[in-house]
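User: Please go through the disulfide and the aromatic pairs of the model shown here.

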Amino acid sequence: MTLKQDINGMVIGDDRQSQRLVVGVGDTVARLVERNPFLKELGLVPGKSGELLRLPLMTRLDLRYEDGDLNFDVGCVIRANIDGNAQFADAAFIGMKLCEEPLNDWNAAVDLAKQVMRRFEQQNPQVKDIRAFYLSASEAELQRIGGWKRSTQELHTLLTPEEAKAKFAREAAAGHEEIVSGRRNGTSALIGIYTSEKAIFQIGVSKTANFGGNNLSEAQRQTMRYEVSMHFRLRHDVKLAPPPR
């Protein structure tokens, strides 16, 4: 696969084929390139002290996640982001969106997310579903595991699959007013959250408008894309040695 970076730093490839990508939280830049030799052409090198990895891959990938505990064949993703943070400068966060993007069919998108959750649980029987913890834990416990604050909006978006379908149905019945009016770029529902020894895994469905802006017809403006997105990130209470620089 030939990769190129645009002026914004986005890494773009040939979407006619899927490139295999293997990655896990805690990967250093050197480990990432060792696992994925096709990334060598980007000239990735360990950053300076305090410099965070930013790798936005805007291309079709066949993604497998491995971190020494969790192993998951995600499958076809249309994009992936591998980022560092203050906790770990290299691969601390790995986000992705599945290739399938049902148009005007939130039921199909939510059902697809449920299938991914079942596969994830089957491939990782040791993983913990922390839905109940996430909804009821104290502020101190939320901070310790995920760095969450109960006051943040994210905590209020965790829904069951049935609740997520009902939410999107209500929005459609109202003409997707929050998006069509321009007040919001999209809406979302988080439907699954898990934790392991090292990582937190979250999966949900997001709704976004068709591309085209003011050039779209009314029917096109009412056409919504429902994307299944997910991410892995380091648990807040996991301390890793800083990557070599």
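Analyst: A disulfide is a pair of cysteine sulfur atoms within 2.5 Å. This is a predicted model, in which local features need pLDDT of at least 70 and side-chain atom pairs count only at pLDDT 80 or more, while totals for chains, interfaces and linings use all residues. Side-chain values use heavy atoms, with hydrogens and water left out, and residues are numbered from 1 along each chain as its sequence is written.

User: How many disulfides does the rule give?

Analyst: The sulfur atoms of Cys-76 and Cys-99 are 2.0 Å apart, and the two residues form a disulfide. By the rule, the count is one.

User: Is Cys-99 buried or exposed?

Analyst: Buried means under 20% relative accessible area, exposed over 50%, and partly exposed in between (1.4 Å probe, protein chains only). Cys-76, at 30%, is partly exposed. Cys-99 has 18% relative accessibility and therefore counts as buried.

User: Which kind of pair do the rings of Phe-168 and Tyr-226 form?

Analyst: Rings of Phe, Tyr and Trp (its six-membered ring) pair if their centres lie within 6.5 Å; planes under 30 degrees apart count as stacked, over 60 as edge-to-face and the rest as tilted. The structure holds 11 aromatic pairs. For Phe-168 and Tyr-226 the centres are 5.4 Å apart and the planes at 80°, so the pair is edge-to-face.
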